[in-house]
Amino acid sequence: MGDRPWLTIVGIGEDGVEGLSPLACSAIVAADLVVGGHRHLALADSLIQSERLAWPIPLVEAIPVILARRGSAVAVLASGDPFCFGIGSTLARHVLMGEYVVIPAPSAFSLACARLGWSFQDVETISFCGRPLEALRPLLQPGAQILALSADATTPAAVALLLASWGFSETRMTVLESLGGPAEKVSTFKGIQPDPLNLMALEVVGGPAMSLSAGLDEDWFETDGQITKQEIRALTIAALAPKRGEVLWDIGAGSGSVGIEWMLRHPANRTIAIEARPDRAERVMRNALALGVPALVVKQGRAPEVLDGLTPPDAIFIGGGSSNPALSMQCWSVLRPGGRLVINAVTLPTERVMMQRQAEWGGRLTRIGIERLEPIGPMQGFAPARTVLQYRAVKP
């Protein structure tokens, strides 16, 4: 092998070996083991000279087999660009950078943009392979262009039904099948089941679209009344100051509005919602699905007892149960350095706890009063909501 890395990750398209570079072909020919899906192995069949391994189910079971061949020449086949919703990122977590080389082919997204005349930098991308369809919801913005990898032949029809249920039935859907191969087909979706190897191109028309700002109207949420009001929620998200990839604990989640809006700020953000009542815990999950953040995790139980063992948070919001001094103490102890603790209070016992925490940890106390115009008989007047005392502290 000389100085060549032992692992080569080769992107292969539907045109098979004809689309491979000489370097990719030589890596497959020289490999002692070639790993890939059944389709990939069939596409590269004429080049494979030795042992082959089809991906098992679950796929991760093949990782130890590949690592056991460290030092031998191994080629892993992937669709198009291995690092575009592909196996590349999974393998890279298990080997050092100098141990592998990647020879990519054009991704399905790149090929789709070339066929449609779309600018890749302006396109939203998503994959439904092993992922819920509801994650599409936040991407449905006016005029958006979305490329979505289908899980199988049934995905376009299922997405069309969802679009109609959300009010986006006028959205144009183009289905692109077997891109780059002899069976390639690009057509407007008419309800006919396409080839299992397909992706969808959506040109969004309709609505309502979700606001990109924090503070969605309460009408977006299913609730029994236990919800952080729109204006307070916007201020709460600002106080929590979400950053990409951070984890929030939403304690006393109620309807889940704060945790959901935290995840809507960036697709990599995560929320663990803690809710004592089973009916509300189920409602949080329904809201998360409806608003396109199906990865939200709901932990049903009473804090602080259920907090042990959870992923350490970058931010914590306590909207219920904060009158218990032990809760804020435990939260502060597990909060990552630089993490933010935000507590909203409407009762005197909770305010007393917050005053004590502010004296111990510093931070900021803010009194928030909201009044909304409401009818008073035949006239109108401003009705005040409950005043909220908000505590925010950043852990050193």
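Is Cys-113 buried or exposed? In this predicted model, whose residues are numbered from 1 along each chain as its sequence is written, local features need pLDDT of at least 70 and side-chain atom pairs count only at pLDDT 80 or more, while totals for chains, interfaces and linings use all residues. Side-chain values use heavy atoms, with hydrogens and water left out.

Cys-113 has a relative accessible area of 6% and is therefore buried (under 20%, with exposed over 50% and partly exposed in between, for a 1.4 Å probe and protein chains only). A search of the whole structure for disulfides, defined as pairs of cysteine sulfur atoms within 2.5 Å, finds zero; for Cys-113, the nearest cysteine sulfur is that of Cys-84, 10 Å away. Cys-25 is likewise buried, at 18% relative accessibility.

Aromatic rings of Phe, Tyr and Trp (its six-membered ring) were paired where their centres lie within 6.5 Å, planes under 30 degrees apart counting as stacked, over 60 as edge-to-face and the rest as tilted, and the count comes to three pairs. The rings of Phe-109 and Phe-120 form an edge-to-face pair, with centres 6.5 Å apart and planes at 65°; Phe-109 is buried at 2% relative accessibility, whereas Phe-120, at 36%, is partly exposed. Ring pairs link these two residues and Phe-85 into a cluster. The rings of Trp-332 and Trp-361 are stacked, their centres being 4.4 Å apart and their planes at 5°, and Trp-332 is buried with a relative accessible area of 12%.
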